[in-house]
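Please read this note with the structure open beside you. The points go from the whole chain to its inside and then to its surface.

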Amino acid sequence: MSAVPPAVPPSSPSPVPSSAPRSAPTSAALSYLVAGAFFMEALDGTVVITALPQMAASFGAAPVDLNIGVSAYILTVAILIPASGWAAERFGARTVFALAITVFTLASILCGLSQDLWSFVAARILQGVGGAMMVPVGRLVVLRDTQKSGLMRAIAIITWPGLVAPVLGPPIGGFLATHASWHWIFFLNVPLGILALILTLVLVPRGRRDSPGPFDGLGFVLSGTACFCLIYGLDLISRGEVWTSGALCLVGLLGGFLALRHSRHHERPLIDLWAMRQRSFAVTIFGGTLFRLTLSATPFLLALLFQLSFGMDAFASGLLVLAIFVGNLAMKLLTSPILRRFSFRATLLVNGGLNALTIFACALLDAATPTAVILGLLFVSGLTRSLQFTALNTLAFADVPQERMTGANTLANVAQRMSGALGVACGAVALRLAGAIGEGAATPLELADFRFAFVLIGVISLLGLLDVIGLRRDAGDEVRGVIAAR
């Protein structure tokens with residue numbers, strides 16, 4: 001299924017890194033540092049959701065108006081991520097990463113001190129600027145300073161925030177808003193940010209690269225337009241604004257097409273497509289994007305199912321969904337042994353199929369289902385989600401040479417941020433589609449609507465596996481520690 005783009009002109013290679021991969025202990029320390037920064041950033045994307053009513057009361061606004069604070073953060077991150085690779089090469093990854101942590105931490109303080117809606121939105125946009133640079137540049141630091149033999153372990157460490165933050169965010173936000181104050185959601189970032197900044201200055205090497213050339217302004221405008229219109233367009237369709245969302249999605253698709261066309265012909269594009277020549281990387285962009293859509297859509301649907309159909313309160317619903325988090329943690333102990341024992345192709349196909357089955361099984365739940373069965377199902381779901389997510393992220397860079405890591409990392413981050421942001425929107429669209437097929441979109445959501453949505457999300461997960469079928473059996477063997485027979 002993967003389409004390999006035309007060759008990039010020979011003059012486009014990224015300069016060679018100024019420093020070689022470092023020792024295993026140092027690389028591990030860097031991985032944990034970046035994972036902590038990732039968790040702080042990823043958590044802030046979801047932690048405010050359950051605190052919106054309290055924040056709205058504090059600002060004297062309607063709760064629905066606070067959604068703009070969530071959207072402003074996500075959209076800012078999505079728009080600015082493509083520029084992260086250029087900034088890292090131009091100013092040095094260490095400098096950009098440290099500055100991103102500083103901006104993110106200061107913006108968190110401003111969020112907590114906000115007195116009205118628009119000062120909060122402005123602070124969230126500034127926070128998104130820091131988050132947009134912190135996530136991809138942090139991973140680039142790890143990719144540059146980790147040998148291929150240690151890449152699987154490093155990726156396993158830095159990918160867990162993307163799995164656990166969407167699950168932990170809502171209950172943490174609800175707890176703080178209920179038992180303390182919503183302000184602490186943001187103030188807690190301050191000591192974490194200070195610690196991360198100190199460790200960055202100590203652990204991250206000073207190595208810089210040669211000039212990446214002039215900034216690709218046209219590429220930035222095209223990619224930013226595509227990201228903004230697609231994410232905001234799907235968000236609007238989930239709210240029922242079909243015509244406006246349809247127009248935005250069309251503009252987004254056109255912007256994406258033009259951005260890809262521009263990247264193929266530009267000498268130094270902002271988004272370098274060279275890594276798409278590698279089948280192992282392309283699989284994680286095409287099929288991997290469909291899988292990542294389900295990562296955020298499934299917890300979103302489960303939380304609504306438990307509250308709207310099962311009659312649970314938000315706290316009880318959150319506790320059940322935490323079973324996914326427990327499964328994520330448990331799989332961390334088994335991920336490396338499994339990937340060393342079985343090929344990436346076999347792991348992705350078998351485990352991906354099991355993950356899809358857990359999504360389909362969610363369609364069979366009802367209010368009479370024993371709690372133990374629900375917890376067991378969500379625990380298994382967490383196991384399969386964690387293994388699939390880590391395997392895809394590791395495979396993405398398995399065959400990418402060090403001198404091409406910047407471009408590959410930027411492209412991978414754009415795809416991951418887009419799929420993560422679109423996941424919840426897709427879940428909402430599935431529910432709205434179910435209502436439209438049934439008795440009409442105005443009818444309150446029923447159990448049948450959720451069953452339709454889970455089946456649809458499960459089908460999307462299965463479609464992502466079609467891209468894996470054509471993967472070589474020995475793909476990624478170098479990072480698995482296996483010398484493949486040629």
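The points below describe a predicted model.

1. Overall make-up. The protein has 19 helices and zero strands. Of its 486 residues, 56% are buried. Among contacts between residues at least 6 apart in sequence, 85% join residues at least 24 apart.

2. The largest nonpolar core. This core has 106 residues. Those with the most contacts inside it are F97, F281, F306, F397 and F454. Helix 12, which covers residues 279–309, gives the most to this core, with twelve residues. Domain 1 (24–215) and domain 2 (274–485) each supply at least three residues to this core.

3. Which residues is F454 in contact with, leaving aside its neighbours within four places in sequence? They are T298, L301, L302, L305, I359, F360, C362 and A363.

4. The surface. The accessible surface of the protein comes to about 19,500 Å², and 71% of it belongs to carbon and sulfur atoms. A nonpolar surface patch of about 390 Å² is made by V455, V459, L463, L466 and I469.

5. V459 is found in helix 18, which runs over residues 447–466. Is V459 buried or partly exposed? V459 counts as partly exposed because its relative accessible area is 36%, and that class lies between the cut-offs of 20% and 50%.

Methods:
Residues are numbered from 1 along each chain as its sequence is written. This is a predicted model: local features need pLDDT of at least 70, side-chain atom pairs count only at pLDDT 80 or more; totals for chains, interfaces and linings use all residues. Side-chain values use heavy atoms; hydrogens and water are left out. A nonpolar core is a set of buried Ala, Val, Leu, Ile, Met, Phe, Trp, Tyr and Cys residues joined through side-chain atoms within 4.5 Å. Buried means under 20% relative accessible area, exposed over 50%, partly exposed in between (1.4 Å probe, protein chains only). Helices (H or I, at least four residues) and strands (E, at least two) are DSSP runs, numbered from the N terminus. Domain bounds come from an automatic or database domain assignment. Contact means heavy atoms within 4.5 Å. Patches are made of residues with over 30% relative accessible area and no salt bridge: like charges are joined within 9 Å, nonpolar side chains (Val, Leu, Ile, Met, Phe, Trp, Tyr) within 5 Å. Accessible areas come from the Shrake-Rupley method with a 1.4 Å probe; for residues, only the protein chains shown count as cover. A salt bridge is a side-chain nitrogen of Lys or Arg within 4 Å of a carboxyl oxygen of Asp or Glu.
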